[in-house]
Amino acid sequence: HVFFNPHGFVFEIGCFARARGFTTMGPPSAEFPWFPGHSWQVLACSRCHNHLGWRFFTGDEGFYGLILDNLIEDQRDNE
């Protein structure tokens, strides 16, 4: 998916059911939703604090929209 925010920044994201290694930043928001009916919350890397993407949710269900260019493979996952 390719989206832009109100400031004109463009993001290419992939949608994932699970993610790890992040911290949430700030409160959830329902403003300018890319997925109708979903609130979102910013995610940052728990190690370097770079912006990784967003958690999108509605009620108890949700998914992760992660910025593809900001992801790196953890080599420990291949061991």
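The model is predicted, and local features need pLDDT of at least 70, side-chain atom pairs count only at pLDDT 80 or more, while totals for chains, interfaces and linings use all residues. Residues are numbered from 1 along each chain as its sequence is written, and side-chain values use heavy atoms, with hydrogens and water left out.

| Residue | Relative accessible area | Class |
|---|---|---|
| Asparagine 5 | 14% | buried |
| Phenylalanine 32 | 42% | partly exposed |
| Leucine 68 | 36% | partly exposed |

The side chain of asparagine 5 reaches the backbone nitrogen of histidine 7 at 2.9 Å. Leaving aside neighbours within four places in sequence, asparagine 5 is also in contact (heavy atoms within 4.5 Å) with Phe11, Phe32 and Trp34.

Phenylalanine 32 itself is found in the loop between strand E3 (22-29) and strand E4 (39-45).

Leucine 68 is found in the segment after strand E6 (61-67), and, not counting residues up to four places away in sequence, leucine 68 touches Glu12, Ile13, Gly14 and Phe16. The C-alpha atoms of leucine 68 and arginine 18, which are 50 residues apart along the chain, are separated by 15 Å.

Definitions and conventions:
Helix = DSSP H or I, 4+ residues; strand = E, 2+ residues; numbered from the N terminus. Buried < 20%, exposed > 50% of the residue type's maximum accessible area, 1.4 Å probe, protein only. Polar contact = N/O pair within 3.5 Å; in protein donor to acceptor, adjacent residues only side chain to side chain.
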